[in-house]
Amino acid sequence: MNAREAVERLYGGEVTGVRRAGGAIFLVTLASGEAVIAKEGVGPGATAAEATGLRWLGEYGDVPTPRVHGHDEQWLVMQYLPPGAPTVEAAEEFGRGLAKLHLRGADAYGCPPPGGPVDAWMGVAPMRNEPCPDWPTFYAEHRVLPYVRDCVDQGLFTTDDAGLFEKLGDRLGELGVPAEPPARIHGDLWSGNVHWGTDRVWLIDPAAHGGHREADLAMLQLFGTSLLGSILGGYAEGAEDEGAPLAEGWRDRVPLHQLFPLLMHAAVFGGGYARQALSAARSCLR
């Protein structure tokens with residue numbers, strides 16, 4: 001099935017144009033003049049994970065997500081969002097909304113969105129969403145060590161390197177991460193998934209799950225995000241307004257929360273990310 005057939009079957013209407021918008025994403029135009037996005041999944045469960053993640057994150061409207069028109073095992077069809085330019089006002093609103101979204105909570109650390117698959121994806125990398133009793137257990141077992149083992153198998157880490165990560169996993173409970181209730185997080189909140197629309201920010205391409213809210217803030221800082229200071233300022237304001245300010249020292253814990261995306265990128269893309277992950281792990285254990 002191609003993008004045209006996917007839109008006609010999952011959404012309906014006469015398709016008049018299909019244009020590749022990057023990778024496995026297609027901009028599809030209908031005879032009505034409406035445009036939608038058709039996205040081909042990267043593997044089993046990917047479209048279901050994204051569809052349920054978008055609906056879960058957008059449930060209360062704290063930060064908008066594109067409307068899901070339909071999905072099957074291969075394709076996801078959703079609302080097209082015209083791009084806009086970053087503004088301070090939109091950045092601050094996004095930060096405040098993200099704080100509210102996180103505090104909507106989740107059933108457990110590691111839980112998938114309701115109806116979502118346990119075996120999900122972060123970009124092109126498999127990611128398991130397995131409910132756990134606490135953050136250290138979840139982070140070690142499902143966000144750090146699986147990717148360390150993958151990197152060892154690829155020859156990117158030595159057994160001594162792996163031992164460093166195992167030591168970190170054993171000490172996660174001592175590193176100051178506050179024992180907050182699980183947050184409703186995007187899970188892959190790098191700059192490319194912060195979509196600046198015509199008047200506000202939208203969340204796209206989630207790896208949503210129950211996690212620690214500091215993880216989304218760390219991801220925003222990993223590859224650089226437009227108007228980051230305004231976003232974080234709005235977030236701090238929103239968290240204060242909700243009576244749940246960020247715990248002291250959260251900025252010092254950014255490298256710890258960046259370990260997962262660095263390790264995932266190392267497993268997929270190779271050596272440079274492996275070196276960054278090792279450096280982050282060492283800094284966390286000092």
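Modeller: The charged end of Arg143 sits over the ring of Phe260, 5.2 Å from its centre. For that label, NZ of Lys or CZ of Arg must be within 6 Å of the ring centre and within 35 degrees of the ring normal. This is a predicted model, with residues numbered from 1 along each chain as its sequence is written. Local features need pLDDT of at least 70 and side-chain atom pairs 80 or more, totals for chains, interfaces and linings use all residues, and side-chain values use heavy atoms, without hydrogens or water.

Phe260 is buried, at 6% relative accessible area (buried is under 20%, with a 1.4 Å probe and protein chains only). Now the ring partner. The structure holds eight aromatic pairs, and one of them joins Phe260 to Tyr147. Their centres lie 5.5 Å apart, and 55° between the planes makes the pair tilted. A pair of Phe, Tyr or Trp rings (the six-membered ring of Trp) needs centres within 6.5 Å; under 30 degrees is stacked, over 60 edge-to-face, the rest tilted.

Tyr147 belongs to helix α4 (residues 135-153) and Phe260 to helix α8 (residues 254-269), so this pair ties together parts 113 residues apart in sequence. Helices are DSSP runs of H or I, at least four residues; strands are runs of E, at least two; both are numbered from the N terminus. Tyr147 also counts as buried, because its relative accessibility is 7%.

Phe157 and Phe165 form another tilted pair. Elsewhere, ring pairs link Trp190, Phe223, Phe269 and Tyr273 into a cluster. Arg104 is placed over the face of Tyr60, 4.1 Å from the ring centre.

Back to α8. This helix supplies at least two residues to the lining of the largest pocket. A pocket is an open set of 1 Å grid points where a 1.4 Å probe fits, with protein on both sides within 12 Å along at least five of seven lines; lining residues have an atom within 4 Å of a point. The lining has 47 residues, and Ile25, Lys39, Glu50, Asn193 and Asp205 lie nearest the pocket centre. Helix α2 (46-57) gives the most, five residues. Strands β1 (15-22), β3 (35-40), β5 (75-79) and β6 (119-122) are also among the elements that each supply at least two.

Definitions and conventions:
Buried means under 20% relative accessible area, exposed over 50%, partly exposed in between (1.4 Å probe, protein chains only).
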